[in-house]
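The sequence and structure are shown here.

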Amino acid sequence: MVIKNAEFITSAGTVEQIIKGSTPEIAVVGRSNVGKSSFINFMCNHGRLAKTSKEPGRTRLINYFDVNKGEFIFVDLPGYGFAKVNDNEKAKWGKIIEAYLQESTGLKNVFVLLDIRREPNADDVQMLNYLYHYNIPFTIIATKGDKLSRSAGLKRKREIANALKVGVGNVLLTSSLNKSGAQEVLDRIENILEVEELPIEE
Ligand SMILES: Nc1nc2c(ncn2[C@@H]2O[C@H](COP(=O)(O)OP(=O)(O)O)[C@@H](O)[C@H]2O)c(=O)[nH]1
Ligand SMILES: [Mg+2]
C-alpha cells in the first residue's frame with residue numbers, strides 16, 4: 001500500500017450526515033489529543049489535511065478523507081473522554097461516535113489510538129469492549145513513540161498489549177513527529193482491504 005493522494009471529502013456533525021457508501025472506511029478513534037489528526041496527516045504525507053490542535057477537544061465533527069481517489073476513506077472521529085466539556089456535550093459526542101460505528105456501511109476497521117506513555121483509561125476500555133461486543137475489527141495504534149526511548153517504547157507496547165489482552169503484534173507503534181511506524185500501518189491497511197476483496201465461498 002502506497003498513499004499517493006489524499007483529499008478532504010466532507011464533515012458530518014449529525015447522524016443524518018454520516019456517509020453510507022460502499023468505499024471501505026478505516027476509522028480513527030481515541031481520546032482527545034492522542035494524535036488522531038496528526039496520525040492521518042502523517043500516513044497521508046500531508047501536513048495540513050486534518051486539523052491538529054494543541055487544545056484538546058476541538059474536533060466535534062466526523063471528518064472524511066479520501067485516499068488514492070476511492071481506494072479507502074480515513075475517518076477522523078471526535079475524541080472521546082475529554083474532561084473539560086460538560087456531560088451534555090460529552091453525551092452528544094458519544095452519540096455521534098456510536099451512530100457512526102453502528103450506521104457506517106463502509107467501516108472495515110477501527111484504529112484505536114493510545115498514547116504510548118499512558119495507561120488505557122476507562123474510556124479506552126469502554127471503546128474496546130464496545131468493538132468486541134459488536135464484532136467490529138480493530139487495530140491498536142500506540143502514538144507519540146518519540147516521547148520514549150526505543151527500548152522503553154517496546155516495553156510499553158508489551159504492557160499495553162497485556163493490559164488490553166491482545167497479542168503484542170496487534171499493537172503498532174508510531175510517531176507522527178518522527179514519522180516512524182508507517183510501514184507497519186500501511187501493511188495493516190493493505191491487509192484490511194485485501195481481506196475485503198476475497199470472494200465469498202458458497
Ligand atoms: N511528540 C509528539 N506529539 C504529537 C504526535 N502526534 C501528535 N502530537 C501532538 O499532540 C497534540 C494533539 O494532536 P492531534 O493530532 O490534534 O490530536 P487529536 O485530538 O487526537 O486529533 C498536538 O499538539 C500534536 O502536535 C507525535 O507523534 N509525537
Ligand atoms: Mg483531531
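The side chains of K20 and E103 form a salt bridge, with N and O 3.5 Å apart; the term denotes a side-chain nitrogen of Lys or Arg within 4 Å of a carboxyl oxygen of Asp or Glu. K20 belongs to the loop between β1 (6-12) and β2 (25-30) and E103 to helix α2, so the pair ties together parts that are 83 residues apart in sequence. Helices (H or I, at least four residues) and strands (E, at least two) are DSSP runs, numbered from the N terminus. E103 is partly exposed, at 32% relative accessibility. Here buried means under 20% relative accessible area, exposed over 50%, and partly exposed in between (1.4 Å probe, protein chains only).

This is a predicted model, in which local features need pLDDT of at least 70 and side-chain atom pairs count only at pLDDT 80 or more, while totals for chains, interfaces and linings use all residues. Residues are numbered from 1 along each chain as its sequence is written, chains are lettered from A and ligands numbered from 1 in the order in which they are written, and side-chain values use heavy atoms, with hydrogens and water left out.

The structure holds 7 salt bridges, including those tabulated below.

| Salt bridge | N to O distance |
|---|---|
| K20 and E103 | 3.5 Å |
| R31 and D124 | 3.1 Å |
| K155 and E159 | 3.2 Å |

R31 and D124 are both buried. K155 and E159 are 4 residues apart in helix α4 (residues 150-164), and therefore separated by about one helical turn. K155 is partly exposed at 46%. Salt bridges with shared partners join E119, K155, R156 and E159 into one network.

The chain comprises 5 helices and 7 strands, in the order β-β-α-β-β-α-β-α-β-α-β-α. Of its 202 residues, 47% count as buried.

The structure also holds 6 aromatic pairs. One of them, F72 with F74, is edge-to-face, at 5.1 Å centre to centre and 75° between the planes. Rings of Phe, Tyr and Trp (its six-membered ring) pair if their centres lie within 6.5 Å; planes under 30 degrees apart count as stacked, over 60 as edge-to-face and the rest as tilted. F72 is buried at 0% relative accessibility, and F74 is likewise buried at 0%. F39, F72, F74 and F111 form one aromatic cluster.

G79 lies in the loop between β4 (72-76) and α2 (87-103) and is buried, with a relative accessible area of 5%. G79 and V29 are 50 residues apart in sequence, with their C-alpha atoms 6.6 Å apart.
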